[in-house]
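Look over the sequence and the model before reading on.

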Amino acid sequence: MEFTLLGAAFVGVVGVYAMLWWEARRGNAAECSKDLWDVALGAMVVGVAVGRLAAMIGDGVNPVANPADILLVRAGVAAGPAAVAALAWVAWVGRRELIPVADGLAAAALTGLAGWHGGCLARDACLGSPSTLPWAWAQEGSTVTRHPVELYAAVALLAAGFVIAVWRMRRIPPGAAAGIALAMAGGVRLVTEPLRPSLSGGPVGWYVAALAAGLLLVALAARRAAAPG
């Protein structure tokens, strides 16, 4: 496996753990009896595995006939199926207290994604479309300066994660943190997608679905909080 890819993944895992640790010291997950780190770790493993299988099938590779290829994560992971599988794992493991679990993982999920995007520095894969902005830079061997689009996404997701963590200290409506996190995860990728070098435009449909689902969850949480009794 490509070690730079492992490095980027490691930064993402550290981001998840660091936010859970930071929040736990401030009592943010006190209402949840689950070990959120175990839930998050399981979700990451399941998500990558399902995403890798989906990518293989999409490329016409039979996972049963080529089991060794499952480990070649650098060959591609389908982001949409990976995210759905990770969310399904969280829903299954935390089914008896789903809202507290989802809210407890909300900020950590965003900081983990921020770490993954920021890991582009290890992979030398931060740049997107051409730009003349002062902070744009060129790939080695090129004179064309480009947007550091992966760092844009990393900063936005990291900021959103900390905002959610601080909001949770003020006891926002149950379910709102999870909804905001889902909406931000889809929205940040959707906004930055036009700056990414891609022949197909990326899985925009998945980003739109995440944004819409997140906003719906926020609306439902606000409605429950406003309901009398």
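**A helix pair.** This is a predicted model. Two packed helices are described by the angle between their axes and the distance between the axes. Helix H2 (residues 36-58) packs against helix H4 (residues 98-118) at an angle of about 75 degrees. Their axes are 10 Å apart. Angles of 65 to 115 degrees count as roughly perpendicular, so H2 and H4 are roughly perpendicular to each other. The residues that meet are listed here by helix.

| Helix | Residues in the contact |
|---|---|
| H2 | Leu 36, Val 39, Ala 40 |
| H4 | Val 101, Gly 104, Leu 105 |

By class, the contact of H2 with H4 has 5 nonpolar residues, 1 polar residue and no charged ones.

**The core.** The largest nonpolar core has 26 residues. Leu 20, Val 90, Val 101, Leu 105, Leu 110 and Ile 164 have the most contacts inside this core. H1, H2, H3, H4, H6 and H7 each give two or more residues to it. The largest share, 7 residues, comes from H4. Val 90 is in contact with Val 39, Ala 43, Leu 98, Val 101 and Leu 105, leaving aside neighbours within four places in sequence.

**A loop residue.** Gly 27 lies in the loop between H1 and H2. Its relative accessibility is 24%, so Gly 27 counts as partly exposed. Met 169 is 142 residues away from Gly 27 along the chain. Yet the C-alpha atoms of Gly 27 and Met 169 are separated by 8.0 Å.

Note on methods:
Residues numbered from 1 in each chain as written. Predicted model: local features only at pLDDT ≥ 70, side-chain atom pairs only at ≥ 80, totals over all residues. Heavy atoms only, no water. Axes fitted to C-alpha atoms, helices over the stretch in contact; angles between N-to-C directions. Helix = DSSP H or I, 4+ residues; strand = E, 2+ residues; numbered from the N terminus. Parallel < 35°, antiparallel > 145°, perpendicular 65-115°, else oblique. Contact = heavy atoms within 4.5 Å. Nonpolar A, V, L, I, M, F, W, Y, C, P; charged D, E, K, R; others polar. Buried < 20%, exposed > 50% of the residue type's maximum accessible area, 1.4 Å probe, protein only. Core = buried A, V, L, I, M, F, W, Y, C linked by side-chain atoms within 4.5 Å.
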